[in-house]
Structure formats: structure tokens, C-alpha cells
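Thanks, everyone, for making the time.

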Amino acid sequence: MRADYDSGLLARRGRWLGRMLLALILLGVALALLQRILQVSEQRNLQATREHLASSLMSLSAESVARRQPLPADWLRHNPFELLRWQQDDYCGELRQGQQPEPGCWYFLPEVAWVLYRSEFSDGLSDRGDDLSVFQVKVVSVKGGMGAQWPEGSQVLELVSVPAAATAARRF
């Protein structure tokens, strides 16, 4: 009788341990999937914000072309977020030298006129700055291929990525 009781208890404990192990594995898979979903969502949000800023810069350029006036030179050092009709929830303002950017926030760095975004859902495994996206407003001369609405020699403002080598020298 005692042997049957011990083997039954052992079998129940084995089943319980197996179920707990399965639950832990499923939980790990679910958390990994959730992390990936958040990363993809954040990347899409980053791209949408970048396109929204670029569109606003293109509108400013189009207004200059329509008025037949040169682009305002100060826009190369100006905060492009000021062009937007409303500020986004994830825009956290200007970032001064020596301040650390919070994850999940867009910033403007007035010293170098860069737009910066620190990822909130990066894997955090590297110190290379993979969680940073840095952009700068540049003036680009229009070549003949942009269509009839842009006269040859016009200039437009574009938001371009700052090379990683340039951002590596700065401490964020």
C-alpha cells in the first residue's frame, strides 16, 4: 500500500512539474513575441514621425519656391518639431549637452541641430547606440527629375540620417 501511495504521489508531482515547465516555456514565448511586436510598432511610429517631419519640411520648401524666395537659412539650425501643428506625446523637448535622453522620446539637440529618438523597446544588449536614431535637416538642390512643380536649381529641406560615426563622439 505504501509503495502505491508513493508512486501515485511521484506521478502527480511529475505531471505538476511538467505542466509548470510547459507554462514557463509558453510564457517565455509569449513575452518574446510581445517584445517583438512592441519593437515593430515602435519602428513604425519612428518612421511615421520621420515622414511627418519630412513632409512639414517639404511644405516649407514649397512655400519658399511658390514665393520665389530662398529658403530661410536659419531652418538648418531650427527645431523642425515647431513646424508641426500639434506636438506629439512622445516629443520631450530640447536636450541640452550632458543630459540623458529618456527611452521612447523624441528630442531636439540645439547645439548641433539634430533630432534624436531613443528607442524604448530595443534589446539593450549592445553599447553601440543601436537604440538611437539621429537625424539632421539638410538643404538639397533640386535636380531636373523632381517634376515640373520644382524649378531647376530650387532648394528643399530634407531630414537625413546622421552617420553613426558622427553620433559616436557625443555622449547620450
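Let me start with the disulfide, which joins Cys 92 to Cys 105 with an S to S distance of 2.0 Å; please bear in mind throughout that this is a predicted model. The count for the structure comes to 1 disulfide, and its torsion about the S-S bond is about -45 degrees, so the bond between Cys 92 and Cys 105 is left-handed. Since Cys 92 lies in strand β1, residues 91–94, and Cys 105 lies in strand β2, residues 105–109, the pair ties together parts that are 13 residues apart in sequence. Are the two cysteines buried or exposed, or something in between? Cys 92 counts as partly exposed, at 35% relative accessibility, whereas Cys 105, at 10%, counts as buried.

As for the pairing itself, strands of a sheet pair through backbone hydrogen bonds, in either the parallel or the antiparallel sense. For β1 and β2 the sense is parallel, over 2 bridges, and Glu 94 is found opposite Phe 108 in β2.

Now the packing. The largest nonpolar core has 18 residues, and those with the most contacts inside it are Leu 53, Phe 81, Trp 106, Val 115, Phe 135, Leu 157 and Leu 159. At least two residues of this core are supplied by each of α1 (2–66), β2, β3 (114–118), β4 (132–141) and β5 (155–161), and the largest share, 4 residues, comes from α1. There is also a second, separate core of 9 residues, which includes Tyr 107, Leu 109, Trp 114 and Leu 132.

Which residues does Phe 81 contact, once its neighbours within four places in sequence are left aside? They are Thr 49, Leu 53, Gln 87, Tyr 91, Trp 106, Tyr 107 and Val 115.

Several of these side chains return when we look at the aromatic rings. A search of the whole structure finds 4 aromatic pairs. In one of them, Trp 106 and Tyr 117 have their ring centres 5.1 Å apart and their planes at 45 degrees, so the pair is tilted. Because Trp 106 lies in strand β2 and Tyr 117 in strand β3, this pair ties together parts that are 11 residues apart in sequence. Both partners count as buried, Trp 106 at 0% relative accessibility and Tyr 117 with a relative accessible area of 4%. Ring pairs link Phe 81, Tyr 91, Trp 106, Tyr 117 and Phe 135 into a cluster.

I will finish with Val 140, which has its place in strand β4 and is partly exposed, with a relative accessible area of 28%. Not counting residues up to four places away in sequence, Val 140 touches Ser 154, Gln 155, Val 156 and Glu 158. Val 140 and Leu 157 are 17 residues apart in sequence, yet their C-alpha atoms are 6.3 Å apart in space.

Technical notes
Residues numbered from 1 in each chain as written. Predicted model: local features only at pLDDT ≥ 70, side-chain atom pairs only at ≥ 80, totals over all residues. Heavy atoms only, no water. Disulfide = S-S within 2.5 Å. Buried < 20%, exposed > 50% of the residue type's maximum accessible area, 1.4 Å probe, protein only. Core = buried A, V, L, I, M, F, W, Y, C linked by side-chain atoms within 4.5 Å. Contact = heavy atoms within 4.5 Å. Pairing = 2+ DSSP bridges. Phe/Tyr/Trp six-rings, centres within 6.5 Å; stacked < 30°, edge-to-face > 60°.
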